[in-house]
Amino acid sequence: MTNFPGQGISFETIFNHVNEGVLIVDEEGVIVLSNPKLGEMFRYDDKELYGRKVEVLIPGVLTRRHEEYRKTYMKNPVKRPMGRNMTLHGRRKDGREFPIEISLSYYHSEGAVFVIAFIIDITDRFEQQAHIERMNGELKSLNESLEKKVAERTLVLKEALHELEISRDDLSQALENEKGLNELKSRFISTASHEFRTPLSTILSSVSLIQKYTQSQDQENRERHILKIKNAVSGLTEILNDFLSLGKLEEGKMSAKPAAHDIFVLIRDVVSDINSIVRSGQSITYNQGSFELMIDKQLLRNVMFNLLSNAIKFSPEGAEIDVHVDDEGEEVVVAVKDQGIGISEADMKNLYGRFFRGENAIAIPGTGLGLNIVTKYLELMQGRITCTSVLNEGTTFYIHLPKTKSN
Amino acid sequence: MKKILLIEDNNEVRENTSEILQLAGYNVLSAENGKLGVELAVHEKPDLVICDIMMPVLDGYGTLHMLNKNPDTAALPFIFLTAKAERTDVRKGMEMGADDYITKPFDDIELLNAVESRLRKVEAIRRDIQPTRDGMTELLGNIQGIEDISKISSRQQIKHLKKTRRHLHRG
């Protein structure tokens, strides 16, 4: 160690040329030594700081606190390296502040404590950091705005998706409706085909026969066929009326016009009208009584006519049909009981569907509209219909009519 | 007098059709459903059957099936007279082996022509075979022919058979 390259370099050289500011402070905080770099940093001349309190280098607002801190420190000095994530500031001679980093150390000499501080100017780093932080902030806000945008777009997408779902549902609903309508149409065509072609056959063949009866003594035959034609035409008219009332109901053009009527009188009138179409040996019985009800007379007549003509149509010759009116508290119930072919359990579900014909009713003429129209009429009257049936034994339809006066 | 069996559930149509046929000189038996119709066909051996499709108890398709199954009635000329007027309905009827298919409402002339031509066809087949030795030989030949046909059908060459039948309908 007698001969090394650094030989001859004095500690003073280091002190004078080192790139850190060096400061030595006594127990009272008085600067006893500072190097030129420190002066340069704080804009003081050489040795100008000697004898001055260290607080002259501290930002004004912190001087008091620093004094306290310094006193505490002196009692129990510790070594503190640089860079403990503390943002410290120095005060230049002109009062301007700048960021610094300090390492502290101490030593004892002649019973007194001296503190050595190494100070570096971190303005550049500080600015860079600030820049980075600013950039970070910008990045963050950019990120946030991006996220917001994504969220917005997601929301828009979600809404679009939702709308798509709705329109898909609408479409499939429309498709279902269309399918239903189509099925209805084809059922209408097949029903109409059969129900119209049969009476048309009668008409056409009767016309052909009238043509053949050319002699005057054939008048009786001609009249017989004219009657057949008339009956067939009125049958056709009835079918047409069914279709028309269905159309009117569909368009919502019908409404109930209730008035006070004796339900027993109404029933008696319908029965006496329909007695003209009963099949041979069939009879219709009904119970006697008197009960006034607010009701649309025409709608009730249509309902009763429909139910009774069904009872006649689906019952054998000689069968008895019974109509019974009952006061059941909140409603009046009219039961129409027949001894007809009955309705299977499977058919019960679709009984009131449009154009529906029971499995055992296919060969019996009908449009499958009657009960559908009946339910619609009853809806208008705020009433309802129920049914019990046993195959090959008979069916009973119950129409429930509300007693509400306001109706 | 030719005997015609009419199977139809609607009273008016049955009465009128029957009247048209009677005025044209036919003896008419009528039934209001397929079941009664098949019974009448077996017992009365009519020369031709006119039958509705949509009927209670036994419908027209069922009636034709029953008649085809019975050797005594299988050869009876069979005409559908029905409100089922769709092309598919007509095809179904013909494919089941009906000889003609008339849709309602029908013209009396159309019906009478159809009946007459079916009857004439049967007549023509019958007249071909005279009650002589030659006729006998021919009859045996026919039987041979029938056996051939059943052989073909047992080999399931049904397409060929159907074609032959269709030609028969058109004739």
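**Entry 1: the sheet in chain A**

I looked up the pairing of S3(A) with strand S4 (residues 97-109) of chain A: the sense is antiparallel, over 4 bridges. Strands pair here if DSSP finds at least two bridges between them. Helices (H or I, at least four residues) and strands (E, at least two) are DSSP runs, numbered from the N terminus. Within this pair, A:Arg91 stands opposite A:Glu97 in S4(A).

I note the basis. This is a predicted model, where local features need pLDDT of at least 70 and side-chain atom pairs count only at pLDDT 80 or more, while totals for chains, interfaces and linings use all residues. Residues are numbered from 1 along each chain as its sequence is written, and chains are lettered from A and ligands numbered from 1 in the order in which they are written.

I then traced the whole sheet. It is open, has 5 strands in the order S2-S1-S5-S4-S3 (chain A), and pairs antiparallel. Which strands stand at the edges? They are S2 (31-34) and S3 (88-91) of chain A; each has a single partner strand, so one side of each is left without a neighbour in the sheet. Neighbouring strands of this sheet are turned by 40° against each other on average, direction ignored. For such angles, axes are lines fitted to C-alpha atoms.

**Entry 2: the contact between the chains**

I listed the residues at the contact: 17 come from chain A and 19 from chain B. Contact means C-beta atoms, placed from the backbone, within 7 Å. On the chain A side, helix H4 (123-212) and helix H5 (219-250) each supply at least two residues. H4(A) gives the most, with 13 residues. By class, I find 6 nonpolar, 8 polar and 3 charged residues on that side of chain A.

**Entry 3: chain B and the cores**

I read chain B as 7 helices and 5 strands. Its pattern along the sequence is β-α-β-α-β-α-β-α-β-α-α-α. Of its 171 residues, 33% count as buried, that is, with 20 or more other C-beta atoms within 10 Å of their own. Residues 24 or more positions apart account for 54% of the chain B contacts with a separation of 6 or more.

Which residues touch the most other members of the largest nonpolar core? B:Val49 and B:Ile79 do, in a core of 33 residues. A nonpolar core joins buried Ala, Val, Leu, Ile, Met, Phe, Trp, Tyr and Cys residues through C-beta atoms within 7 Å. Leaving aside neighbours within four places in sequence, B:Val49 is in contact with residues including B:Leu5, B:Ala41, B:Phe78 and B:Ile79. Apart from that core lies another, of 31 residues, among them A:Ile263 and A:Tyr377.

How values were computed
A residue is buried if 20 or more other C-beta atoms lie within 10 Å of its own, exposed if 12 or fewer, and partly exposed in between; C-beta atoms are placed from the backbone. Two residues are in contact if their C-beta atoms, placed from the backbone, lie within 7 Å. Axes are lines fitted to C-alpha atoms, for helices over the stretch in contact, and angles run from 0 to 180 degrees between N-to-C directions. Ala, Val, Leu, Ile, Met, Phe, Trp, Tyr, Cys and Pro count as nonpolar, Asp, Glu, Lys and Arg as charged, and the others, Gly among them, as polar.
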